[in-house]
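Please look over the sequence and the model below before reading on.

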Amino acid sequence: MSRIILEHVTKRFGDYAAVNDLSLEIESGAFFSLLGPSGCGKTTTMRLIAGLETADEGRILIDDKVVFDAADSTVVPPGKRGIGMVFQNYALWPHMTVRENILFGLAVRKIEKADQEERLRRVLSRLQISELVDRYPSELSGGQQQRIALARELVTGAKVLLMDEPLSNLDAKLRIDMRVELKQLHEETGATVIYVTHDQIEALTLSSTMAVMKLGVMQQNAAPSEVFAKPTNLFVAQFMGHTPMNILPATIQGNSMQIPGGSLPRAASSASCADGSQILIGARPEELLLGTTQDERSISVRVESILPMGYDSLVRVSVEGAELTIAADERTRTVDVGDDCFVTFDDTQLHCFDAETHERLG
Amino acid sequence: MNLSMRRVRNRLSTFAHSPQNWLAWIFLLVFGYLIIVPVGNMIWSTFHIQSGDARRAGGAVGDFTMFYWERVFASGQLSARLLYEPLMNTLFVSITYTIIAMIIGLSLAWLMVKTDMPFKRFTGFCAIVPYIVPSWTLALAWLTVFGNSQVGIGAAGVVETLLGRPTPNWLAYGPIPIISVLAINFFAFAYLLGAAALATVDASLEEAALIHGASNRKVIRKITMPILLPAIGSAAILTFASGLGTFGVPAFLGLPVRYNVLATSLYQSAAIGRYGEAFVFTMVLVTISASAIILNSKLIGKRKQFTTMEGKGSRQRVLKLGKWRKPVGFLVAGVMAIVTFMPIIFLVLQTFQFHLGQYSLDNFTLAYWIGERDGLRGILVDPRVRAAAVNTLWLGISVGLGTAFVGILIGYSVSRNRGRPIAKVVEQMSFIPYVIPGIAFGAIFLSMFAQPRGPIPVLYGTMTIIFIACLVNRLPFASRMGISAMMQVGRSLEESAEVHGASFPRRITRIMFPLTKRGFMGGFILSFVSTVKDINLVILLVTPQTMVLAALTFGYIELGRRQFADAIGVVIIVLVLGCTLIAQWLTKTNPLQGFGGGNS
Amino acid sequence: MKITRNAAFAALVVSLLLIPALGFSAGTAEPAAADPLDEWMQFAEVGPYQPEVEDWDAIAAAAQEEPPLVMYSNTSRAFPVVDQFNEIYGTEVEMLNISTSELNERIRREYDAGIFPSGVVMTGNIAVMYDQLMVERNALTAYVPREMQAVLPDRDMEPVLIHRYSAGTWYFTSDLPDGSVPYENIWELTTERFRNRVAMQSPLRSGTTMDYMVGIVANSDLMEELYEDFFGEPIELTTPNAGFEWIRRLLENDLRVQASFRDVADAVTNSDAPFLGFGTQSVYRDVLSGQYDFELDTDINPAILSARPIAMTSYTESPNTAKLLIRYLTSQEGGDPWWGADFPVNPEVQSTGPMANLTLDSFARLWSIPIDQALDLGDEVADFWILYE
């Protein structure tokens, strides 16, 4: 089947390693997302898999066939890797009609004419774009172009589909529609999809597995829920989520942790830490509670600003020089700017990180 | 099979599948052979006694000598006459005409692209004609208008006939006419480059400045101009370099009053067989051009001229001229029409004059077209002219196609290897011919391929050598055209075809070529035009079987039968204009706009 | 790493290419030891192997079997002759009309390259041709048909056959009532009366003009005498001799330097009198036909004798065609375009038309420059010209 394996793959541009010692296994039929800020090497990784770039070290296997091996300089050209690729700008050939664009790959593969027409018809009706067949790309809207680009890759029946930020040029509404569409298409075709994005919502909603990258190094490779719930380090923790995770310094003291503005019961994940050691604790804005009553899990803070966002508000508070952001339910919110109030932590959900290595504890 | 064997095999197979790589290597080898080696050979020649010089250089032919360099650089008064005066004249003429051509060309480009001036089609057509017309015909036309009876053959020009007294010498001959003619010849070059560059300035950039309260004038000065600066700079450099090696114009307008530029010094030395000196002059010319180009890249090289326009066109902000719209349109179109058609009209008139410069009915003759004079048959009834016309067409078309095709391939390998040293080397090597004057090029190629070289048989006397020489001479243009066309085609358009398994030839023919068609067409036509009208390059390479029209012309001029030359000049003008129009009609593209390449 | 490796490889490839390319121009490709020239002369039956009696029917028959021949000629008048020749003998001769200096250049390079596309050469400058093409290398071979050898004086066939002579002389429009020569002395051309009223081709471009200037310099004693005759005082030299002095003063008198001899003739025709041009007497034919309007000076100023040689290209594969063509060009019929303008060497040939009245003897003073002198003084005159032009 269409399993993809990367072994110790490194790609350098000059002295800069765009992808650094990357090992990865993508299960057949997976919807695998590569997530990270721009310049993290996610697009390069995809291009290495496609064969549009050649790695300097390592080995790449698609469907158990070696398509790249630095040891014996094997490089299988892109066209022979059995992949399809949707580019960020769609890369529709402007001088060809929709029909010609879609049939190009089939013609290259020397598929019979009748079969070509049948496949074209199927893919057009599946993507509901039959009426566009004789138009030129310049006569199409962004969403339509997106569908054509998709159709062009689907029509060949490729078992591996690479998508490079395919939705980034669409407006917000269309993007949500396409997400649903992509998920359905993935389920229908059963193809292995590798999806490059910097939008974590896309990655979280679409993927069966995802990897987060930073400066060419993979940070975490897991199911989306796990990446969200158990970020492997501070970078992933802060990168994931609507608003960055709140990070506070904490000092372990017996069964409690000293944090700015008070102390909390010691989190379970900090079990391995010695008494008196410094760690970082993290809590997502949604995991904090804003209230007027104090208990052992809360600290006293002052409200600095409020950003209403419909159902929720982002409330920014300060305590002893530190700042926290809390997502508060707008219907039950009672505090206002300048008020003194309390923030309550959920010690079962606290994320703990090593102060030096920023790695997750526990 | 062991690992290292496998590695070699896989490397080779990978190499074979990376056309951008092997193309770059092929270009490196071919350029090395067709550019570096001949230039090296030429430099070598300047240090060794050439045939016929044994007597004056004091030694045997082939001996090492500093004679040529000493003679040109360090022989007191003689060097002043040979080198320093022509050098100063060259710099003065070239810089002046470049400035004038840039001012006219860029103003016109701005009016055409950025304003709502009327008659753009007509004006645009007129503007390109003086560039298509061979520059030496413009020089001849200048003489028919401003020539005086005091100098040269003493044929009075139109102005003298009308005024009834001789036009002053400074108006008929010397730097002012040379500068004027070259400026007329080259402003279209600046116009084309400027218009292409202007078209890339998106309206939003200017609008952003307008919102900040900048005036129109300020927007031009502070936004449009700085963005265009690299294009303007390189247009100026190219204009400057193109004219450095022009021989025809200074020969007709300067030599009668002994106003020498380097190109005429070089030519005169070469024409009397003094190749040692001629090559030293060539080196001087090459050095000037090369310094100018290096200076250019130092000054504005840091800002990249190319903006990738992934399939999307830019929006133009058009300045409304209001009540000035019509007057400006009329004025510009009128001036362009005069500059364009007057020289051609006078040229045509002259082909009917039995004696030059006599404007009377009894001086009317058809001898130069369908009759006979001095044993020379009229050009329409001379089978040799007909044969030369066939050769010319063959050469023009094949060089045009070759230039466009090679240009696309160079553009492909350079743009796909961007950032790698080999891309830079290929690009720079392809630029070298720009700094070698055509006449020197011809001589270099003659010495290179008048004998078998490895697998290459003797090419002298064949159309092949003329073809190769013209092609190599056009390389700088080809590579500029190809690179800019390729840079504007998004890389992903090719990659998506590659992912589908399309082979390199298929990608070129189905994707890259259609997308760069307009650049290709523009390259083809401009190359065709310059090949058809070129004299300097081919004059040493032609044989009776491979005669071309322009070289025939030169023979007529040497014989002092300017009317035959005029007639052929008219034929060439008709030919190049006709071909331009036909190609335009065939491809439904405007080759002048297509000059910048692009697919917007 | 990759960068340096590529760059190094590129440098290596380019330098490897350069080595053989630089090597080749070190020496001219001399024919190998077996003396192929001698072999070719045997094959072509020229030089020492020229038969005592030439069988022209056999030569004509052999010519038809030979490959096409190209004649290089500095005169376009040969075009119709070549067509006529082909018609008579059924051969395929073509002609390339190029200037004398290009012709030399071309023959030289072709010989050095070991290719011989031309078969017959007609040119204008015997000195340079002899020096570069017959002494420096054996690119041309002299050929004189036997029957002409019997009747020609040595000077017309040594070291090479002269096709014809022309005389470099002055032509003038006169403001004098009887139309006579408007000057008495060659030095008069350097006076204010003739400022910007003398036209000639540059000696750098025209062999005849160069011969004339060499003649002026070689006859500096005479020039000195003529100076005293005219100005009534001895000359004060600012240049090596009176000949150079004259050239300098002529140039400084706003001499009009023209691109071609026709331009000179046009300038004289177009100007009002008095005006002078220098060129060959052959233009006289066009004067009589009414094309130009001026007179020839045969009496006052010295004229120069200019030889127009014709030779065979060494190693040509069409020697019979070449022989036939040379014989034809020197005949009454084949040389017809010239016999109305220039002076034939072949005593059997008659000048035609108006030229029948003009002979070499018509010129009161006719200089002839030996080849050695032309070569020795030529470079000096050329440099001098460049200096003062």
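**From one residue to the assembly**

Val193(A) is buried, because 25 other C-beta atoms lie within 10 Å, where a residue counts as buried if 20 or more other C-beta atoms lie within 10 Å of its own, as exposed if 12 or fewer do, and as partly exposed in between, with C-beta atoms placed from the backbone. The model is a predicted one, in which local features need pLDDT of at least 70 and side-chain atom pairs count only at pLDDT 80 or more, while totals for chains, interfaces and linings use all residues. Residues are numbered from 1 along each chain as its sequence is written, and chains are lettered from A and ligands numbered from 1 in the order in which they are written.

Val193(A) belongs to strand S9 of chain A, which covers residues 192-197; helices (H or I, at least four residues) and strands (E, at least two) are DSSP runs, numbered from the N terminus. Which residues does Val193(A) contact, leaving aside its neighbours within four places in sequence? They are Phe31(A), Phe32(A), Leu161(A), Met163(A) and His186(A), a contact meaning that the C-beta atoms of two residues, placed from the backbone, lie within 7 Å. Leu174(A) is 19 residues from Val193(A) along the chain, and the C-alpha atoms of these two residues are separated by 20 Å.

Chain A as a whole has eight helices and 21 strands, and its C-alpha atoms fill a box of roughly 75 × 50 × 35 Å along the principal axes. Of its 362 residues, 42% count as buried, and among the contacts in chain A with a separation of 6 or more, 65% are between residues 24 or more positions apart. The domain assignment divides chain A into domain 1 (4-233) and domain 2 (246-354), such bounds coming from an automatic or database domain assignment. The C-alpha centres of these two domains of chain A lie 40 Å apart.

Chain A also contains an open sheet of five strands, which has the order S14-S13-S12-S15-S21 and antiparallel pairing; two strands are taken to pair if DSSP finds at least two bridges between them. Strand S14 (262-265) and strand S21 (351-354) of chain A stand at the edges with a single partner strand each, so one side of each has no neighbour in the sheet. Neighbouring strands of this sheet are turned by 40 degrees against each other on average, direction ignored, with axes fitted as lines to C-alpha atoms (for helices over the stretch in contact) and angles running from 0 to 180 degrees between N-to-C directions. In general, strands of a sheet pair through backbone hydrogen bonds, either parallel or antiparallel. Here strand S13 of chain A, residues 256-259, runs antiparallel to S14(A) and is joined to that strand by four bridges, and Gln258(A) stands opposite Ser263(A) in S14(A).

Turning to the neighbouring chains, 25 residues of chain A are in contact with 25 residues of chain B. On the side of chain A that touches chain B, the elements giving two or more residues are strand S6 (74-75), strand S7 (83-86) and helix H2 (98-108) of chain A. The residues of that side divide into 14 nonpolar, eight polar and three charged, where Ala, Val, Leu, Ile, Met, Phe, Trp, Tyr, Cys and Pro count as nonpolar, Asp, Glu, Lys and Arg as charged, and the others, Gly among them, as polar. Of the two pairs of chains in contact, chains B and C share the most contacts, whereas chain A and chain C do not touch, their nearest C-alpha atoms being 9 Å apart.

Chain B has a mean pLDDT of 81, with 91% of its residues reaching 70 or more; pLDDT is the predictor's confidence in each residue, from 0 to 100.

Chain C, finally, has 15 helices and 12 strands, and 50% of its 389 residues count as buried. Its domain assignment gives domain 1 (36-164 + 307-361) and domain 2 (167-303 + 364-388), and the contact between them takes 14 residues from domain 1 of chain C and 12 residues from domain 2 of chain C.
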